[in-house]
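Here's a quick briefing for anyone meeting this structure for the first time. Have a look at the sequence and the fold, then read on.

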Amino acid sequence: MGDSQQQPHSEAAFFMNRALELAQQAMNRTSPNPRVGCVLVNPQGQVVGEGATQKAGGPHAEVMALRDAAGRGQQVQGATAYVTLEPCAHTGRTGPCCVALSEAGVAKVVVALLDPNPRVAGQGIAHLRAHGIAVEVGEGAAQARELNLGFLSRMVRGQPWVRMKAATSLDGKTALPNGQSQWITGPAAREDGQVWRARACAILTGVGTVLADNPRLDVRSLPTERQPRLVIADSQLRTPPDAALFAADRQVLIYAAQLQGARAEALQARGAVLVEMPDARGRVDVSAMLRDLARREVNELHVEAGAVLNGAVIACGMLDELLLYLAPSLLGPGADMAQWGPLTDLAQRVPLAFHDVVPVGGDLRVLARVPGRDQF
């Protein structure tokens, strides 16, 4: 995460750094599309247009930059385009960006990262080169990858990037034995947690959390152009139709082991999408659920759940990173972050590497990642 703060040491790095800043600004907007920024620079080294990808169905970064240049009355003939992801080569919700760039007359395109989407996968660059446009790839690749871990995960692995969030005491407790947990961490940590919710495509929780806390699990304390979808693992469809979570304007998906008549009808009447996905024990098949969410175009999955579902996510081997807010306190006996195991050998433990550790208010935010998961 610190890479994006490094000072660029070349002209290409300088302009790509600006394109990455634009992509960052699109963080909470583009799902399920990748976060992309584009900067157009004329032969005299002046920025003539900038843009970032809009909401799904809206223009991509390259088109926004071309429109910006036109709005400024600037020419892009002979310009260099700095783009954080390979320009698309297919017609989906919008037209192909590689065609827009070639028709605009740009002379060179600097691309941070290739797009593994099978509908692109080198075809955008091939089109540009076939039209006499010079292409360079690799400048800013690490930062562009970090911005789009979820999209890359879905395209390469067929599963979302799974981030588990928890707030605990220093002795690893998320609540007292009587269930009291508000608040272990301070207001700054809770505010920061909203930022991570907002960037996700979907938030996953379990029915136990719904019944115990009746949470909304939406983004409330910062502006956002969309609410992440809410996903509930609920084997027996115990989610109340009048739960607070239905108040937010977003899709609610409920995965169950069995779809029972009256309960299913009541939840569908509230607009919930029900998916039957049992495992051999009559519970929700967590692995199958996560793969199904990828098919439903979920890039980043933000897990805010209780110990049982957290443990199931860990046990199925699909956890990618842990977002942990540590409060400087000790709670003694109480609820653990996850129930899984028990392990019989240390070799069975889940290895993590510290990716980012920063103070947030009076607490500590730890981002720990399963090694190698971010290598796409």
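Which strands does helix α7 lie across? Helix α7 (residues 187-199) lies across β6, β8 (202-206), β12 (300-303), β13, β15 and β16 (363-369). Keep in mind that this is a predicted model, where local features need pLDDT of at least 70 and side-chain atom pairs count only at pLDDT 80 or more, while totals for chains, interfaces and linings use all residues. Residues are numbered from 1 along each chain as its sequence is written, and side-chain values use heavy atoms, with hydrogens and water left out.

**Two domains**
- The protein splits into domain 1 (11-151) and domain 2 (159-369), with bounds that come from an automatic or database domain assignment.
- Their C-alpha centres lie 34 Å apart.
- Where they meet, 14 residues of domain 1 are in contact with 13 residues of domain 2 (contact means heavy atoms within 4.5 Å).
- Domain 1 and domain 2 bury about 1,300 Å² between them, 41% of it on carbon and sulfur atoms; buried area is the accessible area (1.4 Å probe) that two parts lose on being put together, summed over both.

**The sheet and its helix**
- Nine strands make an open sheet with mixed pairing, in the order β11-β10-β9-β8-β12-β6-β13-β16-β15.
- At the edges sit β11 (273-276) and β15 (353-360), each pairing on one side only.
- Helices (H or I, at least four residues) and strands (E, at least two) are DSSP runs, numbered from the N terminus, and two strands pair if DSSP finds at least two bridges between them.
- Helix α7 runs at about 165° to β13, with axes fitted to C-alpha atoms (for helices over the stretch in contact) and angles from 0 to 180 degrees between N-to-C directions.

**Strand β6**
- β6 (residues 161-169) runs parallel to β13 (residues 321-327), and seven bridges join them.
- Four bridges join β6 to β12, also a parallel pair.
- Arg163 stands opposite Glu321 in β13, and its bridge partner in β12 is His302.
- Thr168 has Leu326 as its bridge partner in β13.
- Eight of the nine residues of β6 are buried, so the strand is largely enclosed by the rest of the structure (buried means under 20% relative accessible area, exposed over 50%, partly exposed in between, with a 1.4 Å probe and protein chains only).

**Cysteines**
- The disulfide count is zero, taking a disulfide as a pair of cysteine sulfur atoms within 2.5 Å.
- Cys38 has its closest cysteine sulfur in Cys97, 8.5 Å away and too far for a bond.
- Cys97 is in no disulfide either, and its nearest cysteine sulfur, that of Cys88, is 3.6 Å away.
- Cys38 is buried at 0% relative accessible area, and Cys97 is buried at 0% too.
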